[in-house]
Amino acid sequence: MKSTGLAAGFAAGISILAMSPAFAVTEVAWWHAMGGELGQKLEAIAADYNSKQTEYKVVPSFKGTYPETMTAAIAAFRAKEQPAIVQVFEVGTGTMMAAKGAVYPVYQLMKDAGEPFDQAAFLPAVVGYYTDTDGNMLSMPFNSSTPILYYNKDVFEKAGLDRNTPPKTWEEVEAFSKKIMESGAAKCGFTTGWISWIQLENFSAWHNQPIGTLENGFGGLATELTVNGPLQARHWANLARWQKEGLFQYGGPVGGNDAPPKFYTQECAIYMNSSASRAGVVANAKDFEVGYGMLPHYADTQPQNSIIGGATLWVMAGRPEAEYKAVANFFTYLSSPEVQAQWHQGTGYLPITQAAWDLSKSQGYYDANPGADVSIKQMTLNAPTANSKGLRFGSYVQIRGIIDEEFQALLAGQKDAQTALDDLVKRGNVLIREFEAANK
Amino acid sequence: MKRAIFRNQLLPWLLLAPQLAVTFVFFLWPAAQAGWQSFLREDAFGLNSSFVGFENYARLFEDPHYLNAIWVTVVFSVSVTVLAMGLSLLLALAVDRMIRSAQSYTTLLVWPYAVAPAIAGLLWWFIFNPTVGLVPYALDMVGIDWNHSLDGTQSMILVIIAAAWKQISYNFLFFVAGLQAIPASMREAAAIDGAGPARRLFTITLPLLAPTSFFLLVVNTVYALFDTFPVIDATTEGGPAQATNILVYKVYVDGFLGLNLGSSAAQSVVLMAVVVVLTIVQFRFIERRVEY
């Protein structure tokens with residue numbers, strides 16, 4: 001009994017000692033999906049923030065891919081161990097938004113914490129994606145990208161094309177590819193990553209075509225996909241035809257990981273992918289000069305604006321009050337022009353505020369790095385319409401998988417373009433209805 | 001058989017306790033939770049859940065993609081089992097004839113088993129990659145266009161090879177041990193009586209290998225149904241167009257990527273039932289014919 005009393009006293013003493021550091025700094029967990037170089041730059045941002053003040057500390061943890069990070073956050077919420085900040089990709093927006101008890105909307109957070117938050121400071125295309133029907137921002141933009149076109153200037157010259165002119169229309173893409181292949185300058189004309197994001201979603205927005213009803217799903221859970229329109233069918237039929245003719249080579253499902261090597265090895269002369277692929281392009285395309293251009297459009301349509309990909313930072317509900325003051329303070333820091341400009345220049349992600357864009361311009365970044373502002377110009381080409389604000393559907397991670405499957409079936413010759421898109425819409429709508437039922 | 005007698009009544013329970021705890025926490029509890037979740041429909045965060053009875057199960061069997069997954073799994077598991085057992089038997093018979101180099105051959109053939117399944121999958125992904133792989137390059141010279149990201153049959157071939165490759169080592173070890181247990185005198189006697197090598201194989205070697213073969217059949221089937229998840233994930237991710245979407249992979253895709261926990265739980269319950277039935281069938285009917 002004496003030993004138990006001593007042990008208890010000892011334990012109490014230790015726990016008091018262990019408690020004292022907790023009074024000093026409020027720690028905030030930040031779960032993210034940025035690995036490799038991007039992860040290092042993200043950790044540098046957190047470290048800079050932590051070193052500039054002593055009240056709060058942001059602790060980033062790399063959780064894997066975007067789906068893995070989102071799943072981890074959801075599982076953690078169910079176990080009441082959720083982080084304060086989680087980076088969720090744009091495809092998960094529908095799910096996060098519908099989870100009203102689980103997320104703390106950013107506009108509400110900033111208001112409650114008394115931090116200045118001006119939505120107008122952000123680029124309209126970025127704001128549009130993450131606002132609810134009342135125009136309030138639900139998550140904090142962090143890394144947004146948009147797809148652009150990269151091309152091999154040396155191969156263009158060898159094929160007899162002007163090395164400083166990227167193809168502007170799909171008709172030009174076809175003509176240039178034919179010329180490149182006939183002259184033997186490269187084995188294939190063009191390839192692309194992200195069939196779903198680039199060749200269907202962004203394709204629709206760029207041509208001002210709707211992806212779904214109710215403003216592409218922004219208007220409510222009762223939305224339906226409408227992406228099987230005549231223009232999308234025409235485009236997919238063309239892609240299948242060009243693949244058969246050898247002008248187009250398929251890069252694989254999801255991100256299309258086989259596409260970048262085709263461009264780097266000069267097998268394909270034109271390559272469409274995220275603006276954030278710029279880092280990879282600059283690092284790997286060493287033997288030739290790379291040119292940049294906007295996404296092609298069909299000659300009979302005027303281009304609208306492209307939609308963003310990437311991720312935003314969502315705040316999870318259920319954390320202690322003190323952590324939310326820290327999160328709000330950190331978000332103010334994160335959206336400051338200096339931090340955003342440095343992140344944009346180092347990674348190829350877009351500068352999400354007008355101020356960060358202006359700062360980069362005044363620093364002469366775009367003069368020193370031609371093509372680095374193609375993405376911004378493309379995204380801000382016009383004010384977004386209801387068709388080009390973005391999209392918001394539940395179960396969209398699965399719907400992306402369906403898009404890949406139907407495209408593969410199309411390329412394998414199992415169905416024609418209109419049937420593939422119709423099947424895609426039918427299957428996707430089943431999932432959207434289930435999501436609606438589960439979230440009523 | 002020697003039995004251990006414990007005087008103390010409590011001691012056996014205490015010794016078993018860790019294993020029982022592990023079995024309970026990692027097998028029984030999740031299985032029960034999956035069973036419960038399969039009767040619910042809930043959103044990903046668990047904020048709304050409603051009891052829907054057998055609706056998740058009914059939906060499954062109406063879903064053509066689930067039926068496709070069943071067919072794909074049957075084709076896949078049968079092919080992997082036949083290929084893995086057949087090749088390893090051939091290799092074991094070949095090594096059995098060697099005297100001096102048997103050890104080195106055995107070491108080389110057992111080595112793939114040490115490779116983690118995900119890494120094995122990645123290895124084969126690189127070898128067969130349409131852009132940077134060696135095999136498509138070689139096949140191109142013969143005129144075959146290999147692109148498993150477009151052709152469902154080719155992707156099935158790829159995952160069968162990748163999954164069977166690992167299991168061959170395991171089967172091989174058991175077959176070698178099984179062959180060594182066959183007395184050489186029996187085979188010699190048969191040879192003296194005029195039986196050719198093929199006759200000896202079918203009338204003496206294979207029947208005496210039956211216990212080993214039966215054991216390996218059960219193990220290989222369970223392997224093909226469950227442990228091949230990392231191989232599929234690292235190579236084809238269920239594609240293209242669900243051509244390699246085996247049942248266990250579909251559980252993952254629907255549950256973790258699609259966040260449809262009710263359907264995913266129902267699928268895992270069905271899969272568990274399938275394996276239980278298969279194992280019962282194997283033990284009741286096939287084991288009877290095995291002579292020990």
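Please walk through the two domains of chain A.

Reply: This is a predicted model: local features need pLDDT of at least 70, side-chain atom pairs count only at pLDDT 80 or more, and totals for chains, interfaces and linings use all residues. Residues are numbered from 1 along each chain as its sequence is written, while chains are lettered from A and ligands numbered from 1 in the order in which they are written.

Domain 1 of chain A covers 25-144 + 309-368. Domain 2 of chain A covers 147-306 + 393-438. These bounds come from an automatic or database domain assignment. The C-alpha centres of the two domains of chain A lie 28 Å apart. Their contact draws on 15 residues of domain 1 and 16 residues of domain 2. Contact here means that two C-beta atoms, placed from the backbone, lie within 7 Å.

Now the domain 1 side of that contact. Both α4 (93-98) and β10 (309-315) of chain A supply at least two residues to it. α4(A) gives the most, with three residues. Helices (H or I, at least four residues) and strands (E, at least two) are DSSP runs, numbered from the N terminus. By class, this side has six nonpolar, eight polar and one charged residues.

Two strands pair if DSSP finds at least two bridges between them. Axes are lines fitted to C-alpha atoms, for helices over the stretch in contact, and angles run from 0 to 180 degrees between N-to-C directions.

β1(A), residues 26-32, runs parallel to β2(A), residues 56-62, with seven bridges between them. Trp31(A) has Ser61(A) in β2(A) as its bridge partner. Five of the seven residues of β1(A) are buried. Buried means 20 or more other C-beta atoms within 10 Å of a residue's own, exposed means 12 or fewer, and partly exposed is in between; C-beta atoms are placed from the backbone. β4(A) and β10(A) pair in the antiparallel sense over five bridges. There, Ser145(A) is bridged to Gly309(A) of β10(A).

Two helices next. α5(A), residues 106-113, has Val106(A), Leu109(A) and Met110(A) as its buried residues. They lie on the same side of α5(A) because they cover an arc of only 95 degrees around the axis. The arc is taken over the directions from the helix axis to the C-beta atoms. The cover over these residues includes β4 (140-145), β10 and α14 (321-334) of chain A. Just after α5(A), Gly114(A) has a positive phi of about 75 degrees.

Chain A has another open sheet of five strands. Its order is β7-β6-β8-β5-β9 (chain A), again with mixed pairing. β7 (248-250) and β9 (290-293) of chain A are the edge strands with a single partner each, so one side of each has no neighbour in the sheet. Neighbouring strands are turned by 25 degrees against each other on average, direction ignored. β6(A), residues 188-192, pairs with β7(A) in the parallel sense over three bridges. Thr191(A) stands opposite Gln249(A) in β7(A). α8(A), residues 170-183, lies across β6 and β8 (268-274) of chain A. It runs at about 130 degrees to β6(A).

Last, α9(A), residues 195-206. Twelve of its twelve residues are buried. Among them are Trp197(A), Glu201(A) and Trp206(A). Their cover includes β5 (147-152), β6, α11 (230-245), β8, β10 and α19 (396-411) of chain A. Just after α9(A), Asn208(A) takes a positive phi of about 55 degrees.

Conventions:
Nonpolar A, V, L, I, M, F, W, Y, C, P; charged D, E, K, R; others polar.
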